[in-house]
Amino acid sequence: RTVGKKLAQKLQIPCYDQEIIEKIAAESGFAEDYIRDRSEYSPHTSWIANAFSERFFSGVNNQDAIWMLQRKIILDLAEQGPCVIVGRAADCILKNFPRSVHVFIHAPLDERIRRARDDYKEPMDNPERALQKKDKSRAAFYNTYSEYPWGDIRNYDMALNSSIGIEKSADIIWDYVKAKFGA
């Protein structure tokens, strides 16, 4: 999210992260915390648990309903003009969208722990386990709605190790955008 915000500043375009959750809440009536837990992270990491959780008679569960609304909002934002969208499987939602760039940003575990503690002020008793659980949940969500597994490079223009720094990471993505689109 930090790299996305920095890139958006460089490009002077909007960056959407928390704002997507707010839009989903406004349109769905679900609480923001509930959406935050289900718009990028699966509350269930097995497909069996997910298949039977919170199902309506229509066969759609809350997570599916949130996904459909999230998908609509992301497509609408992209249609409005250039923007940066952080996470939320936007790469698979916008895979056929013209003039889009999809980047998978990763970092070594020790760097992620440092950022979680220092930059995001996340309280964690066992940071390694907390981040692994978050990754597992994010992957389960992503794998439910994407044709490729979470982190599979086929879904991205590039994979970038952000341990080189936020500013440098944003610069590399900006250089790629300029090269790809002749900006």
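Leu 69 counts as buried, since its relative accessibility is 14%, where buried means under 20% relative accessible area with a 1.4 Å probe, protein chains only. The model is a predicted one, in which local features need pLDDT of at least 70 and side-chain atom pairs count only at pLDDT 80 or more, while totals for chains, interfaces and linings use all residues. Residues are numbered from 1 along each chain as its sequence is written, and side-chain values use heavy atoms, with hydrogens and water left out.

Leu 69 belongs to helix H5; helices are DSSP runs (H or I) of at least four residues and strands (E) of at least two, numbered from the N terminus. Not counting residues up to four places away in sequence, Leu 69 touches Ile 24, Glu 27 and Ser 28, a contact being heavy atoms within 4.5 Å. Its C-alpha atom is separated by 9.2 Å from that of Lys 23, 46 residues apart along the chain.

Two packed helices are described by the angle between their axes and the distance between the axes. The axes are lines fitted to C-alpha atoms over the stretch in contact, and angles run from 0 to 180 degrees between N-to-C directions.

| Helix pair | Angle | Axis distance |
|---|---|---|
| H2 (residues 18-28) and H5 (residues 62-80) | about 120° | 10 Å |
| H7 and H8 | about 100° | 10 Å |

H2 and H5 are therefore oblique to each other, whereas H7 and H8 are roughly perpendicular; angles of 65 to 115 degrees count as roughly perpendicular, under 35 as roughly parallel, over 145 as roughly antiparallel and the rest as oblique. The contact of H7 with H8 is made by Leu 109, Arg 112, Ile 113 and Arg 117 of H7 and by Pro 127, Glu 128, Leu 131 and Asp 135 of H8.

In helix H7 (residues 109-118), the buried residues are Glu 111, Ile 113, Arg 115 and Ala 116. These residues pack against H8 and helix H9 (166-181).

Ser 146 lies in the loop between helix H8 (127-145) and strand E4 (158-161). Ser 146 is also buried, with a relative accessible area of 12%. Leaving aside neighbours within four places in sequence, Ser 146 is in contact with Cys 92 and Asn 155. Its side chain reaches the backbone oxygen of Tyr 148 at 3.2 Å.

Definitions and conventions. Buried means under 20% relative accessible area, exposed over 50%, partly exposed in between (1.4 Å probe, protein chains only). A polar contact is a pair of N or O atoms within 3.5 Å; within protein, one must be able to donate a hydrogen and the other to accept it, and residues adjacent in sequence count only if both atoms are side-chain atoms.
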